[in-house]
Amino acid sequence: MRWGVVVFPGSNDDRDALRVAERVLGDEAVPLWHKDRDLHGVDCVLLPGGFSYGDYLRCGAMARFAPVMESVAAHARAGGLVFGTCNGFQILCEAGLLPGALVRNRNLRFVCDVVTVRVETTDTPFTYGCRPGELLQLPVKHGEGCFVADEATLAALEANGQIVFRYVDRAGRATAEANPNGSLGNIAGVCNAGRNVVGLMPHPEHAVERLLGGDDGLKLFRSAPAWLGRDLATSRREPTVVPGP
Amino acid sequence: MAVVARVIVTPRRGILDPQGKAVQQSLHALGFGEVADARVGKYVELVLKDVVRDAAAARVRAMCEQLLANGVIEDFRIEFDEKQG
């Protein structure tokens, strides 16, 4: 499988994302320069964390207008895989490729920690290899990660199984204490209606080797080739959606 | 004629505004107990050249919708100042 990692001015997790694809998974991976409209035939676009364009105006607001994003939007519309983490999630929301928005953490503090997230649906390219309800330990580092959306949007996300990850405690309960940023419904990640675009606030790309504290993030990256290679007729598992908190 | 457009972007009603809450609490701590609500937004000043105000209004609205405000979380309003020159 071929991965592309978009590099904006101010991206700082792009190297980690490339390293996961190339060194850990052993796949092909190419950096995608923000001014370049060519996606170089990648199967999956990763939008990495960082502070694209200095987070000017709003996080992700400027990155959305980069030439590469026109191609990323077209790739997404055609059903291609797109995975945004942290700033990448913010950019996908600003671009309208994912619902909702990410605003200042409710306690106004930058959070730098390891959190537990629960896999709410395995019917996405990045959770396909997980168990329903599986708990993953992933790092977070952000100041604007509070997921918000209006009530109608939230209800639709719940009804369609578009909530992909929730912040939970070690026992798997979506409590207020387990929520690092005040996100509505403890939402840590969502997907679009087509399920091919996923955004996640924590950083799976920083959790791919035990030596560096854990490898739970690797499951998300390993899911994508399995999703692309699945045999729709015989081996596709029934989508599983865990009920809300 | 140059026209100055002042764009004021505020968090939508019903959307959490933790900065506004913190400002309100700080003002209360300073003895300004009459502050019933505080909302922190953004101010953008645009100088538009060679335009007439009526046409500019529609253009600035489009700028707000496409970039200056995120309709999911923010409201905006626009004020104009006409400047000779």
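The paragraphs below go through a strand, a helix and a chain contact in this predicted model. Local features need pLDDT of at least 70 and side-chain atom pairs count only at pLDDT 80 or more, while totals for chains, interfaces and linings use all residues. Residues are numbered from 1 along each chain as its sequence is written, and chains are lettered from A and ligands numbered from 1 in the order in which they are written.

Begin with strand β11 of chain A, residues 197-200. Helices (H or I, at least four residues) and strands (E, at least two) are DSSP runs, numbered from the N terminus. In a regular strand the side chains alternate between the two faces of the sheet. In β11(A), A:Val197 and A:Gly199 lie on one side, A:Val198 and A:Leu200 on the other, and all are buried (20 or more other C-beta atoms within 10 Å of the residue's own, with C-beta atoms placed from the backbone).

Strands pair if DSSP finds at least two bridges between them. Strand β4(A), residues 81-85, runs parallel to β11(A) and is joined to it by four bridges; here A:Thr85 stands opposite A:Leu200. Strand β10(A), residues 187-191, pairs with β11(A) in the antiparallel sense over three bridges, with A:Val190 as the bridge partner of A:Gly199. Five residues separate β10(A) and β11(A) in a hairpin, and A:Arg195 in the turn has a positive phi of about 70 degrees.

Helix α1(A) spans residues 14-24, and its buried residues include A:Leu18 and A:Val20. The buried residues of this helix pack against β1, β2, β3 and α5 of chain A.

Finally, nine residues of chain B are in contact with 13 residues of chain A (C-beta atoms, placed from the backbone, within 7 Å). Helix α1 of chain B gives the most to its side, with three residues.

How values were computed:
Contact = placed C-beta atoms within 7 Å. Buried ≥ 20, exposed ≤ 12 C-beta atoms within 10 Å, placed from the backbone.
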